[in-house]
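Open the model in your viewer and keep the selection tool at hand. Each stop below says what to select and what is there.

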Amino acid sequence: MAGEESGGTTGPDHPARPAPAAHRALYTPHPRMADSPSDRPPLASPSMNLTPLPAFTDNYIWLLDDGQRTLAVDPGEADGLLAWLQARSLALDTILITHHHADHTGGVDALRSATGARVIGPAFEPMPEPLQRVAGGEALQALGVDFEVIDVPGHTSGHIAYFAPRAPGGPLLFCGDTLFSAGCGRLFEGTPGQMHESLQRLAALPDETRVCCTHEYTLANLRFALAVEPYNPDLQAHARHCETLRAADQPTLPSRIALERAINPFLRTTEPAVVQAARTRDPAANDPVAVLGALREWKNNFR
Ligand SMILES: [Zn+2]
């Protein structure tokens, strides 16, 4: 099914070159929320870099490297990543996959054969074999960093996320197409109840957790979020900031869990303003799951 998070016509059969911006910033300084103290840790330590490598139209292949070895998340295509690695004399050590959509897995076979990288993916989804399969509650280590696997069904039925609570630079989350900045993935295989539970699981992670989503959907999501909550000052401020970033061709990601709790309507399903807005679409939206379902339906048709 073609859709906003399924790769559409820019899947691996139509590989688009990463934008020139691919070889730019290691990370983007993030705005502070209007009311938060200046206590955010740096996004990268001197010994580990976090890079969103653009792919296709609006995907990011997230890369973590220690100056020698690299971890890649959801490489939907191989060529841009291989060029990136070669330009920096970096080896590809590990590939993490969050779910089965082609724009997240299309580069795996070529990368595995070109680099010998270890591949890790979800236990219960069709995957490019061979790989190590993991499920929620399991732990793994890559580049010396400990990761926990979290089950986050909803976008797909076996979607997983990878959380590194003690990563250099602060906690780090690779969440694929489950949580986006100011939004969430479409419900291709799961229910509103599953997505609600998955998002609440991610919302409970530490405030400072860096949220690495696979798509640059932030501006469109912010437009929707402002339709839901037009008077949320954090949302207004973040929308202005992201407009500036995108005008300069800068990524709006990673986000932070604390920021998402403040601006993301799909995490705010008990906020009176969000509930009220959801009920304008579905008068029967009387609980958080129904509110999320109403918001997701609304967003599907929002222009
Ligand atoms: Zn997807």
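The tour starts with the whole chain and then moves from element to element.

**Before you select**

This is a predicted model: local features need pLDDT of at least 70, side-chain atom pairs count only at pLDDT 80 or more, and totals for chains, interfaces and linings use all residues. Numbering starts from 1 along each chain as its sequence is written.

**Whole protein**

Colour by pLDDT, the predictor's confidence in each residue, from 0 to 100. The mean is 89, and 85% of the residues reach 70 or more. Now select residues 7-44. Here pLDDT stays under 50. The model has 71 contacts beyond four places in sequence for this stretch. Two residues are in contact if their C-beta atoms, placed from the backbone, lie within 7 Å.

Switch to cartoon. The protein has nine helices and 14 strands. Both are DSSP runs numbered from the N terminus: helices are H or I with at least four residues, strands are E with at least two. Of the 303 residues, 48% are buried. A residue is buried if 20 or more other C-beta atoms lie within 10 Å of its own, exposed if 12 or fewer, and partly exposed in between, with C-beta atoms placed from the backbone.

**Stop 1: a hairpin**

Select strand 1, residues 49-55. Seven of its seven residues are buried. One side holds Asn49, Thr51, Leu53 and Ala55; the other holds Leu50, Pro52 and Pro54. Seven bridges join the two strands, which run antiparallel. Two strands pair if DSSP finds at least two bridges between them. Find Leu53: Ile61 in strand 2 stands opposite. Three residues lie between the strands of this hairpin, and Phe56 takes a positive phi near 50°.

**Stop 2**

Select strand 5, residues 118-122. How many of its five residues are buried? Four are. Strand 4 (residues 91-96) runs parallel to strand 5, with three bridges between them. Thr94 has Arg118 as its bridge partner. Strand 6 (residues 132-134) also pairs with strand 5 in the parallel sense, over three bridges. There, the partner of Ile120 is Gln132.

**Stop 2: helix 3**

Select residues 108-115. The buried residues of helix 3 are Val108, Leu111 and Arg112. Look down the axis: these buried residues fall within an arc of 100°, so they line one face of the helix. The arc is that of the directions from the helix axis to the C-beta atoms. They pack against helix 1 (79-88), strand 4, helix 2 (102-105) and strand 5. Just after helix 3, Gly116 takes a positive phi of about 75°.

**Stop 4**

Strand 10 (residues 172-176) and strand 13 (residues 210-213) run parallel, joined by four bridges. Show Leu173 and its bridge partner, Val211.

**Stop 3: helix 9**

Finish with residues 288-300. Helix 9 has 13 residues and reaches 18 Å from its first C-alpha to its last, close to the 18 Å expected at 1.5 Å a residue. The expected span is 1.5 Å times one less than the number of residues. Its buried residues include Pro288, Val291, Leu292 and Lys299. What do the buried residues of helix 9 pack against? Strand 12 (183-184), helix 4 (192-203), helix 5 (218-228) and helix 8 (272-281).
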